[in-house]
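Subject: Structure for you to look at, with notes

Dear colleague,

Here is the structure I said I would pass on to you. My notes on it follow below, and I would be glad if you read them with the model open.

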Amino acid sequence: MINAVKKIFKQKEDVSILNTQDTEVKYPYIKTTETTDFKKLNEVVNTYPNVLLYVWAPWCGPCRMSLPTVDNISAEDNNIVVVKVNADSDDDITIKLCIHEIPTYIMFKNGAEINRRVGSTSYDKIMETFNK
């Protein structure tokens with residue numbers, strides 16, 4: 001599975017952390033990554049059981065305020081892969097996922113979208129969605 005992850009993320013800087021210490025984990029998980037490639041995003045969503053897609057922009061005040069919440073989710077050992085997408089970098093993902101406002105949080109479980117939130121949201125609301 002590690003080779004599959006390396007194929008998805010060809011550049012080393014795309015992968016913040018791979019969990020290779022815990023042998024009980026059936027797949028190495030990525031804590032956080034950034035992308036503008038819809039194909040890459042689709043592969044991540046279909047590879048990992050819990051994915052949080054965070055769409056933001058550097059000029060967006062609420063996005064900057066929400067970033068610590070997203071970073072906290074990424075920093076914890078909670079089996080959630082965080083994918084950050086800068087809405088200004090490429091329209092491909094935002095158009096295909098019908099994202100019209102930022103910040104937008106899209107939560108995926110086993111490849112399916114389970115929830116979508118627009119605007120600032122709390123850590124507890126995001127975690128509650130994944131823990132259902």
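A salt bridge is taken here as a side-chain nitrogen of Lys or Arg lying within 4 Å of a carboxyl oxygen of Asp or Glu. Before the findings, please keep in mind that this is a predicted model, in which local features need pLDDT of at least 70 and side-chain atom pairs count only at pLDDT 80 or more, while totals for chains, interfaces and linings use all residues. Residues are numbered from 1 along each chain as its sequence is written, and side-chain values use heavy atoms, with hydrogens and water left out.

Salt bridges

By this rule the count comes to 3 salt bridges. One of them joins Asp71 to Lys84, with 2.8 Å between the closest N and O atoms. Because Asp71 belongs to helix α3 and Lys84 to strand β3, this pair ties together parts that are 13 residues apart in sequence; helices (H or I, at least four residues) and strands (E, at least two) are DSSP runs, numbered from the N terminus. For exposure, buried means under 20% relative accessible area, exposed means over 50%, and partly exposed lies in between (1.4 Å probe, protein chains only). On that scale Asp71 is partly exposed at 33%, whereas Lys84 is buried at 11%.

Another salt bridge links the side chains of Lys96 and Asp92, at 3.2 Å from N to O. Both residues sit in helix α4, 4 residues apart, which is about one turn of the helix. Lys96 is partly exposed, with a relative accessible area of 49%, and Asp92 is partly exposed as well, at 25%.

Glu113 and Arg116 also form a salt bridge, their closest N and O atoms being 3.0 Å apart. Glu113 has a relative accessible area of 38% and so counts as partly exposed, as does Arg116 at 32%.

Strands

Lys109 stands opposite Ala112 in β5. The two strands form a hairpin with 2 residues between them, and Asn110 in the turn has a positive phi of about 50 degrees.

Strand β4 also pairs with strand β2 (residues 50–56), again in the antiparallel sense and over 6 bridges, with Met107 of β4 as the bridge partner of Leu52. How much of β4 is covered? The strand is mostly covered, 5 of its 6 residues being buried.

Two further points

Helix α3 (residues 61–75) also contains Asn72, which is partly exposed, with a relative accessible area of 44%. The C-alpha atoms of Asn72 and Tyr123 are separated by 8.1 Å, although the two residues are 51 apart along the chain.

Lastly, Asp90 lies in the loop between β3 (81–86) and α4 (91–96), and at 31% relative accessibility it counts as partly exposed.

With best wishes

How values were computed
Two strands pair if DSSP finds at least two bridges between them.
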